[in-house]
Amino acid sequence: MLRLSLTQRIHNLDYMLDLGQSAELALPTDAVSSVAAQGQLGLGGTYYAANSNNAYPAAASFRQGYLRYHFHNDFDSVRVGRFEFFDGQEGTPKDTSVRWLQTNRVAQRLVGNFGFSNGQRSFDGIDVKVGNKGWDMTAMAGRVTQGVFNMNANPELNVDIQYASYSHSVGQHAILRGFGLGYHDGRTGIAKTDNRSAAARALDHSNIRIGTYGGDLVAAIPVGRAALDFVVWGAGQSGHWGLLDHSAGAVAIEGGLKLSTVSSMPWVRGGYFRSTGDNNPNDGKHNTFFQILPTPRVYARDPFYNLMNSTDSFMQMVDTPGKKVEIRSDLHFLQLTSNQDLWYQGGGAFDSKVFGYTGRPSNGHNSFSSLFDISTDYAVTPRVSLAAYYAHAYGKTVIAGTYPRMRDSNYGYLELNYRFQKHL
């Protein structure tokens with residue numbers, strides 16, 4: 001993936017033009033199972049299917065192009081055009097631990113650019129920011145572009161969101177946010193992914209209209225030569241899932257201890273996440289928490305699951321043996337909340353031909369998977385960074401119902417990022 005951007009600030013105005021060239025090389029042509037329930041076998045199969053069964057898809061795309069006006073205090077601004085948007089990153093916490101938590105444990109749960117994919121995601125619309133060093137109000141309305149697994153990220157989709165939030169710094173070591181998010185999907189010719197029968201879903205040509213309301217508190221409190229952190233996040237949903245009434249919710253509670261008595265400042269954390277699932281496919285109601293348009297890999301680093309119909313108990317270790325190196329390892333114990341609902345994957349609308357989420361049968365089970373992973377990020381220079389990641393998933397009864405011969409999986413990658421910047 002190559003991205004070329006031009007930015008300029010002229011008095012109170014600034015603009016960005018951002019072009020992208022995405023390509024996939026030698027995609028596997030046999031990674032979509034002939035068994036319908038097994039579907040696409042990994043990201044290679046997903047890219048292959050999303051690009052009309054092309055093993056070498058490539059496209060140039062207009063990723064961002066906006067004009068922004070800054071008012072007299074420079075905190076207040078209005079932006080119009082095509083841009084990327086991330087929920088949960090409003091405000092600028094002074095504490096470095098709070099900033100890490102905000103970026104890695106709050107932001108992009110519901111709206112993001114799907115950053116680990118090659119096509120990625122943008123929005124055509126407007127956003128407004130008002131605030132100062134202690135508080136921030138953000139409002140945004142936009143239509144979603146194609147992209148993510150589809151290399152052509154130029155067209156708009158008939159999908160739009162409206163978002164508003166208020167964030168307030170609580171001293172130097174905590175930040176509090178409340179938000180509201182409206183979502184509309186007018187792609188009525190596409191079957192929705194849920195636990196109804198295929199015949200019932202095929203007859204549902206009504207729009208999806210969902211409101212999501214919630215908030216979060218992120219804090220890292222110094223205690224002697226250590227810091228205690230905690231994150232509380234929650235959201236409720238109401239609206240219409242096509243012909244069905246929609247009501248759902250999710251909550252996350254996390255905490256940790258960061259030791260400054262050790263030079264590498266090890267950080268041990270743990271937490272619990274639970275989102276609602278649907279217990280009855282025939283009652284005219286939809287109770288599966290809907291994750292909207294997130295970047296799923298932030299919360300599922302091996303992205304074979306997401307935050308829908310999901311219960312996740314986890315432990316996490318972050319260590320920085322050098323200023324340029326960060327090592328992180330997670331251990332997740334995953335279950336499906338409802339054994340009458342599906343095992344969901346994906347991160348939202350990215351095409352006019354497919355829904356954007358897939359669902360595999362739970363086969364009446366809750367026990368899903370245990371996951372171990374480890375990663376290393378190394379900033380070689382300010383412009384060059386390297387990353388390595390490995391994960392092993394231990395499949396349990398839910399996965400064995402779909403993949404009876406081989407229920408475990410391995411996933412890994414090596415990544416190189418090079419950033420060049422030139423003042424013209």
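Here is a short chat about aromatic rings in this predicted model.

Student: How many aromatic pairs are there by the distance rule?

Tutor: Two rings pair up if their centres lie within 6.5 Å. Go through the model with that rule and the count of aromatic pairs comes to 23.

Student: What kind of pair do Phe290 and Tyr357 make?

Tutor: A pair of aromatic rings is described by the distance of the centres and the angle of the planes. For Phe290 and Tyr357 the centres are 5.5 Å apart and the planes sit at 65 degrees. Planes over 60 degrees apart get their own label, so this pair is edge-to-face.

Student: How many residues apart are Phe290 and Tyr357?

Tutor: Phe290 is in the loop between β13 (285–286) and β14 (310–322). Tyr357 belongs to strand β17 (residues 357–361).

Student: Is Tyr357 buried or exposed?

Tutor: The cut-off for buried is under 20% relative accessible area. Tyr357 has 3% relative accessibility, so Tyr357 counts as buried.

Student: What is the pair of Phe355 and Tyr357 like, stacked or tilted?

Tutor: Their rings are 6.4 Å apart, centre to centre, with 50 degrees between the planes.

Student: Which ring does the charged end of Arg109 sit over?

Tutor: A charge sits over a ring only if, among other things, CZ of Arg is within 6 Å of the ring centre. The charged end of Arg109 is 5.0 Å from the centre of its ring, and that ring belongs to Trp233.

Technical notes: Residues numbered from 1 in each chain as written. Predicted model: local features only at pLDDT ≥ 70, side-chain atom pairs only at ≥ 80, totals over all residues. Heavy atoms only, no water. Phe/Tyr/Trp six-rings, centres within 6.5 Å; stacked < 30°, edge-to-face > 60°. Helix = DSSP H or I, 4+ residues; strand = E, 2+ residues; numbered from the N terminus. Buried < 20%, exposed > 50% of the residue type's maximum accessible area, 1.4 Å probe, protein only. Lys NZ or Arg CZ within 6 Å of the ring centre and 35° of its normal.
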